[in-house]
Amino acid sequence: MTEAVSRPTLEAVAARAGVSRATVSRVVNGGDGVREPLAERVRQAVEELGYVPNQAARSLVTKRHDAVAVVIAEPEARVFADPFFALQLRGISKELTAHDNQLVLLLTEGRADHTRVARYLAGGHVDGALVFSLHLDDPLPGLIRKAGVPTVFGGRPDWSDGGPGPVYVDSDNRGGAREAVRHLVGLGRTRIAHITGVLDQTSAVDRLDGYRDVMGDADPRLVVESDFTPGGGERAMRELLDRCPDVDAVFAANDLTALGALRVLREHGRRVPDDVAVIGFDDVLPVAEQAEPPLTTVRQDIEEMGRLMARLLLRGRAGETPGAGLAQASGAAPAEASGAGVVLPTTLIRRASA
């Protein structure tokens, strides 16, 4: 074991700079009222001594922890198996790092975890929370509101408790689904199926609604509920082939579901896209490009969604109106910006599967 090395103190920095302890505290904590020559002496002393502010003491002064909780309402196995979450976390991490904030990851496996997460947030450990992948009956929104923690949600909210509307970032799931199904119709396909996501999540409901916008009179047997996973896509595709062997196109709720569908179609000797055209949703790379054949899919900018969530939260913490100028500042071109919600556009990416 190595011996503990004593850390430079605030008093040591003050002595080296020839100023008071209070002056050093104001400089390192970002306070005002210190003349620039003195502030420069303090910064130089900090660098020479390798002084690192004590975060607990700093929080007492600034009333901030420079840490943000990222709460994903999914079990660990799902989070680490789906590249969607990795992309969203990367966007969040980039934005928080740019503002010298730490990311604290919290996952929920069950009801006991909801209580644990709520207790942690209410304990004053973080400055805010970014929450996504919520389900219809999830108690987290209510628990977080009780905790009094500034929060931004990923995905269109589906609840209302009479308070101010939640701040959120989402993609145009319904519009993207419509574009995908219209593309299949344009290819001359008439038996177009939809493999949904988990229908207690708004993204899956919106994509199903987009499918129905175009295929309102479709055979109801052409819609099979799934769970956004490759295994779910396999099960749903087998069920579709049993129900409707004449299916000639499939719109899958995400790319992983589409991968499962492609595997089953190959097993059954169905050629893609000759016999059955397939479209996914997300454009997760390299999943979509390395599919066999490469997957036509609806692209949503998942990493940018994460960045915007973090940016909204940081703006709110700084006292700015959460949605004000967000799209312009990000360089994004949202399809919709309503109140405190931002909805990003989607794009159909054409590859070999449809």
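Here is a tour with a few stops, each starting with something to select.

Before you click: this is a predicted model, where local features need pLDDT of at least 70, side-chain atom pairs count only at pLDDT 80 or more, and totals for chains, interfaces and linings use all residues. Residues are numbered from 1 along each chain as its sequence is written, and side-chain values use heavy atoms, with hydrogens and water left out.

**Stop 1: the cavity**

Select Phe84, Ser133, Gly154, Gln201 and Ser203. Of the 28 residues lining the largest cavity, these lie nearest its centre. Now colour α6 (83–98) and α10 (202–214), the elements that give two or more residues each to that lining. (Helices are DSSP runs of H or I, at least four residues, and strands are runs of E, at least two, numbered from the N terminus.) The space inside is about 420 Å³. A cavity here is a set of points on a 1 Å grid over the protein atoms alone where a 1.4 Å probe fits but cannot get out, and lining residues have an atom within 4 Å of a point. What kinds of residues line the largest cavity? By class, there are nine nonpolar, 11 polar and eight charged.

**Stop 2**

Is Glu303 buried or exposed? Glu303 is buried, at 16% relative accessible area, while Lys94 is partly exposed at 45%. (Buried means under 20%, exposed over 50%, partly exposed in between, with a 1.4 Å probe and protein chains only.)

**Stop 3: a bridge within one helix**

Next, select Asp113 and Arg116. They also form a salt bridge, with the closest N and O atoms 3.3 Å apart. Both are in helix α7 (residues 111–122), three residues apart, which means about one helical turn separates them.

**Stop 4**

Finally, show Asp209 and Arg174, whose closest N and O atoms are 4.0 Å apart in another salt bridge. Asp209 is in helix α10 and Arg174 in helix α9 (residues 173–186), so the bridge ties together parts 35 residues apart in sequence.

Definitions and conventions. On a 1 Å grid over the protein atoms alone, a cavity is a set of points where a 1.4 Å probe fits but cannot get out, and a pocket is an open set with protein on both sides within 12 Å along at least five of seven lines; lining residues have an atom within 4 Å of a point. Grid points are joined across faces, edges and corners, and a volume is the space filled by probe spheres set on the points. Ala, Val, Leu, Ile, Met, Phe, Trp, Tyr, Cys and Pro count as nonpolar, Asp, Glu, Lys and Arg as charged, and the others, Gly among them, as polar. A salt bridge is a side-chain nitrogen of Lys or Arg within 4 Å of a carboxyl oxygen of Asp or Glu.
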